[in-house]
Amino acid sequence: MAAPLGVSASPAAGSKQHGAAPPGLAGRARDAVVFAAGVAAAAAMLALLGSASVLELAPWSGIPRVAVSAPGPDDGPRTFYDDPELSYDAVGGRRLAGWDAKRVAWLRSRGFARASPERVVMVSGSQPEPCPGAAGDHLLLRFLKNKLDYCRLHGIELLYNRDVLQPAMTGAWAKIPIVRAAMLAHPEAEWVWWVDSDAVLTDMDFSLPLAARYAGRNFVAYGWTDKIARRSWLAINAGVFLIRNCQWSLDFMDEWARMGPAYPEHARWGEVVRAALSDKGDDAWCDDQSALVYLLLVSSNRERLGKKAFIETEYFFQGYWVDVVGRLDGVAARYEAVERGAPPGLGLRRRHAEREQPRYAAARNAAVGGGAVPGPAGGGVEGWRRPLITHFVGCQPCSGGRNPMYSRESCDDGMRRALGFADDQVLRAYGFRHAAPLNDTMLLVPFDYPAAAPARNE
Ligand SMILES: *[C@@H]1O[C@H](CO)[C@@H](O)[C@H](O)[C@H]1NC(C)=O
């Protein structure tokens with residue numbers, strides 16, 4: 001099939017950062033639905049956890065920030081917010097039009113020439129009620145902490161939501177209303193990055209290649225080329241995506257949402273999608289991921305949408321945990337070996353403030369590249385790069401009702417491994433690390449680590 005959609009299928013030299021996912025196990029799709037029902041009952045904005053104030057629009061990386069005083073209710077120029085017809089509603093309400101011009105007008109009215117092209121708001125969320133599963137809330141806290149860590153390191157604001165904004169948008173469909181609302185609430189942000197609550201950022205060094213790979217694109221998700229070719233409902237994972245804050249995206253989400261349970265056509269879409277995708281079996285419930293795959297690969301609008309959508313296959317923009325967790329120890333060992341062997345002049349073993357992380361991340365990235373580590377950098381199970389995201393599809397940390405195809409140990413150990421793997425990258429700047437992947441004993445990281453061995457803090 002000639003997919004009009006941009007798919008990063010070729011392992012282009014130079015741009016490769018992480019391993020491409022191999023085809024995962026058939027059946028993960030069903031997990032996505034199970035997961036969707038449990039966790040993605042995402043909801044209302046809860047807390048804005050982030051470091052930068054809304055009006056500091058310069059990119060985070062050291063460029064001086066400009067701050068203006070925010071006008072009060074009576075003295076500021078009027079903007080789209082003053083339009084009584086403005087609707088935040090993703091289902092009813094008046095469709096928002098002219099958003100690009102409205103954003104620009106808002107930015108100008110607040111003294112900015114334009115939005116920073118690198119400005120990202122990450123949005124995630126979980127259910128309104130306490131988790132029924134044993135330690136479910138503790139796990140969600142760890143998943144949230146992991147996102148907080150990544151966002152703090154990368155100057156990204158994190159919006160975590162636990163309310164159901166749109167009761168009719170059930171299951172994983174619930175992310176559409178909050179993503180849409182986040183766009184309206186953050187005209188200063190160029191991108192909204194949706195990350196499912198059960199996804200772990202496992203490369204704290206990696207910055208999204210927004211300018212290098214996604215310029216001119218408005219929607220980025222992770223996919224598998226073989227599944228795209230056979231129109232599987234698992235071809236594209238809908239649990240992690242980047243969407244540009246623009247009118248195209250609002251229209252795209254409207255189109256997507258219209259296939260969902262808040263609309264009367266939902267049942268009909270279920271049949272259409274089941275017939276169009278290769279492996280839905282007798283499942284005629286139109287889930288958000290199947291709808292996304294249908295829109296991008298099958299629908300009559302696919303050419304138009306494909307010009308602006310991009311399916312990442314080269315690095316783990318979203319990695320299936322089963323493909324990833326067994327390799328994390330080996331990945332960590334390889335990074336450590338590179339640092340141990342790096343000449344002191346490279347500074348990789350030097351202690352530094354967390355704020356300087358981007359520079360050290362770039363140096364580490366350069367050091368591990370260029371043949372310092374044998375074997376392919378990417379290439380799925382062969383790859384040794386840290387995966388950007390390890391996604392625990394089907395493990396259901398909140399409810400504990402994991403997909404029966406996974407054992408309790410594989411899910412629990414996998415999640416703890418991935419979270420600890422990320423924590424160790426963060427703790428490094430604070431002088432500590434874990435004794436072992438599943439051991440919470442803290443070791444002191446000595447001067448010149450890892451050339452010098454860590455010690456127990458007695
Ligand atoms: C955890 O690591 C510490 C320090 O190396 C060790 O003493 C302890 O036995 C380990 N715990 C387990 C359960 O392996």
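Which residues are around the ligand? Select Ala 435, Ala 436, Asn 439, Thr 441 and Arg 456, which are the residues around it, a residue being counted when its C-beta atom, placed from the backbone, lies within 6 Å of the molecule. Residues are numbered from 1 along each chain as its sequence is written. The model is a predicted one, in which local features need pLDDT of at least 70 and side-chain atom pairs count only at pLDDT 80 or more, while totals for chains, interfaces and linings use all residues.

Staying with the ligand, colour β12 (432-436) and β13 (439-444), each of which supplies at least two residues of the shell; helices (H or I, at least four residues) and strands (E, at least two) are DSSP runs, numbered from the N terminus. By class, this shell has two nonpolar, two polar and one charged residues, where Ala, Val, Leu, Ile, Met, Phe, Trp, Tyr, Cys and Pro count as nonpolar, Asp, Glu, Lys and Arg as charged, and the others, Gly among them, as polar.

Now show the whole protein, whose secondary structure comes to 14 helices and 14 strands.

Next, select helix α7 (residues 247-257), where Ser 249, Leu 250, Phe 252, Trp 256 and Ala 257 are buried. Looking down the axis of α7, you will find these residues within an arc of 160°, so they line one face of the helix; the arc is that of the directions from the helix axis to the C-beta atoms. The elements that cover them include α2 (99-109), α4 (175-185), β7 (219-223), β8 (236-244), α9 (288-298) and α10 (302-306).

Move on to helix α3 (residues 136-154), which has 19 residues and reaches 27 Å from its first C-alpha to its last, close to the 27 Å expected at 1.5 Å a residue, the expected span being 1.5 Å times one less than the number of residues. Its buried residues, including Leu 139, Phe 143 and Tyr 150, pack against β3 (120-125), β4 (157-161), β5 (191-195), β6 (199-201), α13 (357-368) and α14 (408-427). Just after α3, pick Gly 155, which takes a positive phi of about 65°.

Finish at Tyr 160 in strand β4, a residue that is buried, with 21 other C-beta atoms within 10 Å. Draw a distance from its C-alpha atom to that of Val 123, 37 residues apart along the chain, and the separation is 5.9 Å.

Note on methods: Buried ≥ 20, exposed ≤ 12 C-beta atoms within 10 Å, placed from the backbone. Contact = placed C-beta atoms within 7 Å.
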